Every structure is written in C-alpha cells, then in structure tokens.
Amino acid sequence: MMQFFLTYQPVLDHGLLSLGFAFSQWVVLRAGVFSVASAGLAAIGGYSAALLHLDGGLPPFVTILLGAVLGGLFGVALAWPLARLRGVYQAIASLAFVQIVLSLNLYAEGITRGALGVDGIPKLVETPLLLLLSAGLIYLMHSVNTYRLGRTFETVRQDEAVANSLGISTIHFQTIAFAIGGVIAGLYGGLTAFHSYHLDPAQFGFEFLVAALSFVILGGRRSVVGPVIGTAVLVILPELSREFGEFRQLGYGVILMIVIVFMPQGIADTYLSWSRKKRLASQQEAQ
Amino acid sequence: MSTLRLQGVGKNFDGLRAVDQVSLEVPQGKITGLIGPNGAGKTTLVNMITCLLSISEGTIFLDDHNLTDALPYEGARCGIARTFQNIRLLPEATVLENIVCGFHLKEHSSLWSALLGLGSSRAEKRELEALAMRLLDRFDMRPFAGLEAGGLSYGHQRKVEIMRALATDPKLLMLDEPVAGMNDAEAEELGRIIRELASEGIGILLIEHNMRFVMQLCDFIYVLNSGSLIAQGTPEDVSQNPEVVAAYLGGSTC
C-alpha cells in the first residue's frame, strides 16, 4: 500500500494542484465569463511567491498568500475590461493578457530571470497540505454553488437580460467571479512554485490554459464534482495509458472528443441531469 | 400612489426612428394597455422603460426616480418588473429555483457568508424558498415546484415568469404579450390574476395583440403606430376611434 502511494504520489500532487487551476477556471465560467486568464493569474501568483521569497527575503508562506492576493487583484483589474466584452471576444482578450504575462516572464530578465526560469525554490508544499487545501477549496466552491452567489451566477450565465430585469448587476457579479478565480489561480501558482523547485517561463502557457479548460469542460461546468472528475480523468488517464507510448496523446484527444460529442455538458453534469430527470419522472408516475 | 411617467420619449436606431415623442402615464393599481400593430415600437418602449435600451430623447420617471439614464439593472431596484415577449426562464433550473432568482434584491447575507456557507446564508436560502412556495401556492402551482421549468406547458411557463417578476416586489409590472399562444381558458385565468394584482396596488402595463383580452381588462389604452401614439382613452373610446380602426383593427371592432 505504502509502495503504491509512493509510486503515485507525484501523480496525486499533480492532480491536486491541477484541481486548483480547474476550479479557478470553473468559477469564471460559472458566472458566464469565457475567460482563459487563469493561466496568466497563476503565473503572477507563482512568480511573485517565488521571487518575493528568493529576492525579497519574505517567509515562503507569506509570499504564497501575497501571490494569492495579487492574483485576486489582477483578476479584478481584468474584470474591468473583460466584463464589458462577450463570448469569443472575452476569450481573445484574456488570451492576450496571458501572452503579456508570459512575455514579461521571458523578457523582463532583470526581475523574472528570463528564459532560464526561477531556480532554487525550496520544496515546502507536500501532499498533506495539498489534500487539506483541496478539501477546503471543494467546500468553498460548494458554498458558492449552493447559496446566493451560485444562484446569481447561474442567472447571469443563462440570460443576462433576465438578470438585469431582476436587478442583478452583471458587471458586479462577474467581477466577483474574477476575484475568486484570481485568488485561487494565484494561490495555486504559488503552491506550484514551492512544490516543484523551479518555475519555467513557458509553464503557464497555452498547454496549461487548455488543460485547465479541459478539466472543466470534460467534467462539467455547473456542478462542483465536475472539475473534480474532469481533473481526475485527465490526470490519471495518461498514467494508465503509459505503455501506449507515443499514441498516448492520440488516445487523450479521441477520448476528449468522444466525451464532448456525447456528453456536451461534461461527465458529471450529464450524469446529474440524467439522474434528476429519472427521479422527477418516477415522482410524477407515483402521483 | 406611484405613477410611471414618460415625457416625449424617443428612440433612434441609426437614423431609423423606432419611437417618436411618446408621452404616457401608468398609475399604480390600474391596468394600462399599450397596443399597436407589429413593428409599432411597443417592445422598444418596454425595453427603454426597463432601462435595457438607452433613450434618445425625453424623460422617464417613476414618481421621483429619474430612470432616463439608469443602468439596465437599476429599473428593478426602483420597482419595475417585466416579463418577456418570448418567455425567458432558466430552462434547466427548477420552477422553484427560477422564482428564487427573482428574490435577488432581498438577498442580504454577505458575500463572505455565501463563500463560507455560514448560517445566515443557509437561513436565507430556506427563507427565500418558503417565500417562493407562498407565491406558488397563490398561483396554484405548488406541485410543479421541483420540475424543470423548460419542460412545462406554455401557460405554466408564463405564470412562472410572472411569479419571478412579482418576487422583485414591483410597483409596476410590464407584461409583454402575456397571452400570446394561450387558449381562451388559460387567457381568462391569467386575466383574473392580472386584475387581482392591480387591485393590490401594482400598476400594470399590458402590451398585447389579443384585442378582446385588452378591451376586457384595461382601464385605459394607448395606441402606438409606427413609433407614435395615435390614440388614447378608455377601451370604448379607442375601439371607436377611426384612426385606430384604420391602422390596427382593420374594420373589426370585436
């Protein structure tokens, strides 16, 4: 058992860190914002946590928190232009933001150490801490979904004119979603830095962004279990298919396509709505 | 008594004059009708009153509240509620959830409490659901509470939409073609509900195509054609006005 755990501990850690980024993406999609800025906000959190410790001399866990705060602040700043755009325009504008952050990581050599990335970050984040934080995060996201925020996000996402007619300020609530998503992305960026010794300027690039998006799309955009299942599947699957060598990516792509075609709401949401329909049908029959 | 007042309201869409110099009043506790042929500018006018569309000229007041330059979500905060011409519910949410959405302005628990799932949020959720159930009882729709709103019949969806609008506790309710696609029995029931709401003191602005429904229900009627008011008065006055007959009723005065 112990042997098994030790073999797969890196996979578990990777999965737990990914879950954070998945939720950061999930919460903005939840409020009807098609933003992929999480990658840039994670880079801001990761770099500031690492550099404030290495160059600024602040204690590590303080800098991780500062990274989270910075992620949130940048999230709110981004909300100002992005909440005024819609759909694909939001996606492109947020992608541009990610590009800006990435090029600063690469070219602002004096601060970010350029193409070599940041080395010599102490490893302080271990599995128990990640497990604890994931449990906390799932609880918080569950609250978001259950109480007034989730209700309002859902209204804004489904129909903005209706939201307005009920007195809901779209911009206000999308800004809140950006702030929550930014804090999560910044926090997990910092955790990543203090987990893997090293930060690479390309680490939070396009691949990262697509992964965060796939976790949510594959798992489900509405329920809290959605991102959990999406992350689990996409982190475990490549491990299981290790022996297929170079065909791994191919299989990954095929599975993603099959799920999206046959379960457009994602695995968890499709199952939940199916089981709800079944329950309602049996209730009606009983009546 | 609250009154909605429009003074010389106009709307241009890039040179197209959709609404021109419209002045009208919707008093509380009365049913005011707004009729006119397709494309007359009725829905444009409603969208301006609910602040969804900006106004090119004129002023809109609800009592002392100036709504002329208000933001889209401020209309509801001043007490204006509406339903939509093409029903707009959250189709995947349940009937109960749809109505609870309408209580947005009654939500006072803090964002922290919603994030942390504190007791005040839990209590608020229970309280709003109980209020929604009371509304459902009033409209005889309690058995539908747990069903998906998108799966209901047309008439029931309309009622859910009206309940959601009422959840905002409005002084003025605008109904954009509420009986379109309903049969006579359903329309009659809706008429009874509308009268009841007016008698409780809500001002009703009824935008409708169904002439018989309008004539039976309204205390006062405005007729809009090509963006301008061409007549106003009691149902009898309006139905006998030759200009209205020519523009809209097409000879039939039923």
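This is a predicted model: local features need pLDDT of at least 70, side-chain atom pairs count only at pLDDT 80 or more; totals for chains, interfaces and linings use all residues.
Is the crossing of H1(A) and H9(A) left-handed or right-handed? I looked, and H1(A) and H9(A) cross in a left-handed way (left-handed if the near helix is turned anticlockwise from the far one by less than a right angle, right-handed if clockwise).

Residues are numbered from 1 along each chain as its sequence is written, with chains lettered from A and ligands numbered from 1 in the order in which they are written.

**Helix pair.** I checked the axes of helix H1 (residues 2-30) and helix H9 (residues 170-193) of chain A: they come within 8 Å and cross at roughly 165 degrees (lines fitted to C-alpha atoms over the stretch in contact, angles from 0 to 180 degrees between N-to-C directions). H1(A) and H9(A) are therefore roughly antiparallel (over 145 degrees). Helices here are DSSP runs of H or I, at least four residues, and strands are runs of E, at least two, numbered from the N terminus.

**Chain A against chain B.** I found 23 residues of chain A in contact with 28 of chain B (C-beta atoms, placed from the backbone, within 7 Å). H7(A) gives the largest share of chain A's side, seven residues.

**Sheet in chain B.** I traced an open sheet of four strands, order S2-S1-S4-S5, with antiparallel pairing (strands pair if DSSP finds at least two bridges between them). Its edge strands are S2 (16-27) and S5 (65-66) of chain B. Five bridges join S1 (residues 3-13) of chain B to S4 (residues 57-62) of chain B. B:Gly10 stands opposite B:Glu57 in S4(B).

Notes: Two residues are in contact if their C-beta atoms, placed from the backbone, lie within 7 Å. Angles under 35 degrees count as roughly parallel, over 145 as roughly antiparallel, 65 to 115 as roughly perpendicular and the rest as oblique.
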